Amino acid sequence: MKKLKSILLIDDDAVSNMVTEMMLTDIEAAKEIKIVFNGEEAVGYLEERCNEFPELILLDINMPLMNGFDFLDYWERSGLTGNSKICMFTTSALREDKERAKYYSDVIAYVEKPLSENRAKKLLQLLYESTFGG
């Protein structure tokens, strides 16, 4: 499978981030993995990159300052739809959260933590299929 140029991980859990980054690095998922700790940091990071969007965003729901759904609302309001594929990456098993995530056009998956190697490979395959048609 093709290695991604970049993945943006938006999550306030430092330990989870470390484990996720190590696992993504081990399977050579992307050339670059950038970690930010909430939606506001993600907005700042994306603005600095001047339209260089990651191919995949792993987005936690429960974060301070700007949570995952607030980030998704910003994403759509700002006309960023179509620039990246987004995976909800969370500890939330709430059906309401899963249903709400379906309303955002760039959300391709809802994955509960932790991200195992098998789930990561399935997610990357899903990303490839949703981007390139299989």
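Reader: Where is Met22 placed?

Author: This is a predicted model, in which local features need pLDDT of at least 70, side-chain atom pairs count only at pLDDT 80 or more, and totals for chains, interfaces and linings use all residues. Residues are numbered from 1 along each chain as its sequence is written, and side-chain values use heavy atoms, with hydrogens and water left out. Helices (H or I, at least four residues) and strands (E, at least two) are DSSP runs, numbered from the N terminus. By that assignment, the place of Met22 is in helix α1.

Reader: Which residues of α1 are buried, and what arc do they cover?

Author: Buried means under 20% relative accessible area, exposed over 50%, and partly exposed in between (1.4 Å probe, protein chains only). In α1 the buried residues are Ser16, Asn17, Thr20, Met23 and Leu24. They lie on the same side of α1 because the arc around the axis, taken from the directions from the helix axis to the C-beta atoms, is only 135°.

Reader: Which exposed residues are on the face of α1 turned away from its buried side?

Author: The buried side of α1 includes Thr20 and Leu24. The face turned away from that side carries the exposed residues Val15 and Asp26.

Reader: Which residues of α2 are buried, and within what arc do they fall?

Author: Helix α2 spans residues 39-48, and its buried residues are Gly39, Ala42, Val43, Tyr45 and Leu46. Seen down the axis of α2, these residues line one face of the helix, because they fall within an arc of 165°.

Reader: Which exposed residues does the opposite face of α2 carry?

Author: The buried residues of α2 include Ala42 and Leu46. On the face turned away from the buried side, the exposed residues are Glu47 and Glu48.

Reader: What is the phi of Glu28, and is Glu28 buried or exposed?

Author: Most residues other than glycine have a negative phi. Glu28, in the loop between α1 and β2 (30-36), has a positive phi near 55°. At 54% relative accessibility, Glu28 counts as exposed.

Reader: What is the relative accessible area of Leu65?

Author: Leu65 is found in the loop between β3 (56-59) and α3 (68-77). Although Leu65 is not a glycine, its phi is positive, at about 70°. Leu65 is exposed, and its relative accessible area is 64%.

Reader: Is the peptide bond from Lys113 to Pro114 cis or trans?

Author: Pro114 lies in the loop between β5 (107-112) and α5 (117-132). Most peptide bonds are trans. With omega near 0°, the bond from Lys113 to Pro114 is cis.
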